[in-house]
Amino acid sequence: MLEKLHTGEIYPPNDPEIAAVQMKCLEKLYVYNATLPHEAERRWELLQDMFAEIGEGTYIEPPFYANFGGRHCHFGKMVYANFSLTCVDDTHIYVGDYTLIGPNVTIATAAHPMDADLRREGLQFNKPVRIGKNCWIGAGAIIVPGVTIGDNTVIGAGSIVTKNIPSNVVAVGNPCRVIRQLEPPKGE
């Protein structure tokens, strides 16, 4: 059943095998969120244990929330996430190097069927989210399942990203839309 987390198939998220893995992940997340501000080294060690991948210099301000405690999160190097990042990491979330994430951002991979009978059964499916390198995700942004955000892109505060956003743009709003092109960084 654990494989269905990553195939896009509909599955029961309360399956005992899934629930057992998730509980272990959530307990690690609880420990991370209970660390004291001066315990930077301990936080780093915990993140390395919790995440699928985490690059050097990446830091996540507690509290951090994640359905699987970061187990399906792949963060590059020098990523910074401010307070109250929520990763609905039922499947993979990829965040590129040097990306900045404002406070109260939600990155969601889990979705529910349109069919009311399937929802009544509590079923869901998941789609990965990809955020490029050197992005800035503004405070309170929401990124829905299956979205890709290109490199060097700025997502305005409070935006709801429901469709792919290309590289080198500023995008804002609900739904989030491109309002301006940006020059790619020198050397790219």
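Student: Is Tyr80 buried, exposed or partly exposed?

Tutor: Buried means under 20% relative accessible area, exposed over 50%, and partly exposed in between, with a 1.4 Å probe and protein chains only. Tyr80 has a relative accessible area of 28%, so that residue is partly exposed. Tyr59, at 24%, counts as partly exposed too. Keep in mind that this is a predicted model: local features need pLDDT of at least 70, side-chain atom pairs count only at pLDDT 80 or more, while totals for chains, interfaces and linings use all residues. Residues are numbered from 1 along each chain as its sequence is written, and side-chain values use heavy atoms, leaving out hydrogens and water.

Student: How many aromatic pairs does the structure hold?

Tutor: Rings of Phe, Tyr and Trp (its six-membered ring) pair if their centres lie within 6.5 Å; planes under 30 degrees apart are stacked, over 60 edge-to-face, the rest tilted. The structure holds three such pairs. Phe51 and Phe75 are edge-to-face, at 5.1 Å centre to centre and 85° between the planes. Both Phe51 and Phe75 are buried. For Tyr59 and Tyr80, the ring centres are 6.3 Å apart with planes at 15°, so that pair is stacked.

Student: Which parts does the Tyr59 and Tyr80 pair tie together?

Tutor: Strands here are DSSP runs of E, at least two residues, numbered from the N terminus. Tyr59 sits in strand E2 (residues 59-60) and Tyr80 in strand E5 (residues 80-81), so the pair links parts 21 residues apart in sequence.

Student: And which residues form an aromatic cluster?

Tutor: Phe51, Phe64 and Phe75 make up one cluster.

Technical notes
Helix = DSSP H or I, 4+ residues; strand = E, 2+ residues; numbered from the N terminus.
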